[in-house]
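Please open the model in your viewer and keep the selection tool at hand. The tour goes stop by stop.

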Amino acid sequence: MALTFQATKFMYDNISSDKFNIIICSFDGSSGISNAKEVSEITIDNGKVTGSDKWLKIKSNYSSPLSFTFNVCKKDCSEFSSIERRTMSAWLTSSHGGYKPMQFYSQEYCNIIFYAKCTTLEKNTVAGKVIGFQLTFTTNAPYGFTPEKELNINMTSSTQTLNIMNSSDEVDVMLYPKLEITILQNCNFSIKNNRVNRTFSISNCTSGEIIMVDQEVGYINSSKRGSDIISAFNKVWFGLYCDMADMSNSVTINGKANVKIICSYPRKVGV
């Protein structure tokens, strides 16, 4: 399925296309440079959806992640020098770091982040001169994401219950946020989602210990125990659920701590 949306420029790996003096454009194949123009067509392919997952994970049920193709040229439609071509290629095709954040300066999707990698960088030439590129990006998921949103819970007692919303566009599945837990007094720490009856717990926590959790990649670490904290972890990740009827999750935290819950919510595009 192919979709289009409006955009004039973009940011990739936290670097704006403005740095390279380029714009999103189209080319008139018959006359090249003189008819290269700023345009707003980004073509998105988002294969048939049959389940839910990021491509970082194994056993995804989607047939393919999002991918999109568009053209760029310099703002004055001039030729790219060999140094400029090399710099563009280094920016867009470096394999270091895997999928990288990408945003479009677009009224519709300005607050949507895609995690993408450039899979094709093709030159557009006229009379032997490189006057632009066609770029293809593939993402790690069949949707985009909101910027990260933080919920800070500063506990004043050793037990607290609260409701946390999951506003994901991807329903009937769990969303696994990042966690930053600062232990305020020695305890066995736990955080339970009462809606789905799942409890994340870590034993023998000590005052001042900071525990970092990135559940998407299976990462857990402690400022005091390092990766050895895994032996104190019950191997149940904390997640938030939502369905079409209800986005709320009743959550109970045991163990006095300051807890930061960091979510990036899936957002469907082209709807």
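Buried means under 20% relative accessible area, exposed means over 50%, and partly exposed is in between, using a 1.4 Å probe and protein chains only. This is a predicted model, in which local features need pLDDT of at least 70 and side-chain atom pairs count only at pLDDT 80 or more, while totals for chains, interfaces and linings use all residues. Residues are numbered from 1 along each chain as its sequence is written, and side-chain values use heavy atoms, with hydrogens and water left out.

**Stop 1: a ring pair**

Select Phe 233: it is buried, with a relative accessible area of 5%. Rings of Phe, Tyr and Trp (its six-membered ring) pair if their centres lie within 6.5 Å; planes under 30 degrees apart count as stacked, over 60 as edge-to-face and the rest as tilted. Phe 233 and Trp 237 form a tilted pair, 4.9 Å centre to centre with 50° between the planes.

**Stop 2**

The whole structure has 18 aromatic pairs. Select Phe 70 and Phe 137: their ring centres are 5.9 Å apart and their planes are at 10°, so this pair is stacked. Helices (H or I, at least four residues) and strands (E, at least two) are DSSP runs, numbered from the N terminus. Both Phe 70 and Phe 137 are buried. Ring pairs join them into a cluster whose members include Phe 10, Tyr 12 and Trp 91.

**Stop 3: helix H1**

Trp 91 also belongs to the buried residues of H1, together with Met 88 and Leu 92. Seen down the axis of H1, the buried residues fall within an arc of 85° (taken from the directions from the helix axis to the C-beta atoms), so they line one face of the helix. Turn to the other side of H1 to find Ile 83, Arg 86 and Ala 90 exposed.

**Stop 4**

Two strands pair if DSSP finds at least two bridges between them. Select five strands, which form an open sheet in the order E12-E22-E15-E18-E19 with antiparallel pairing. Strand E12 (149-154) and strand E19 (219-222) stand at the edges with a single partner strand each, so one side of each has no neighbour in the sheet. Finish at strand E18 (residues 210-214), which pairs with E19 over four bridges. Ile 211 has Ser 222 in E19 as its bridge partner.
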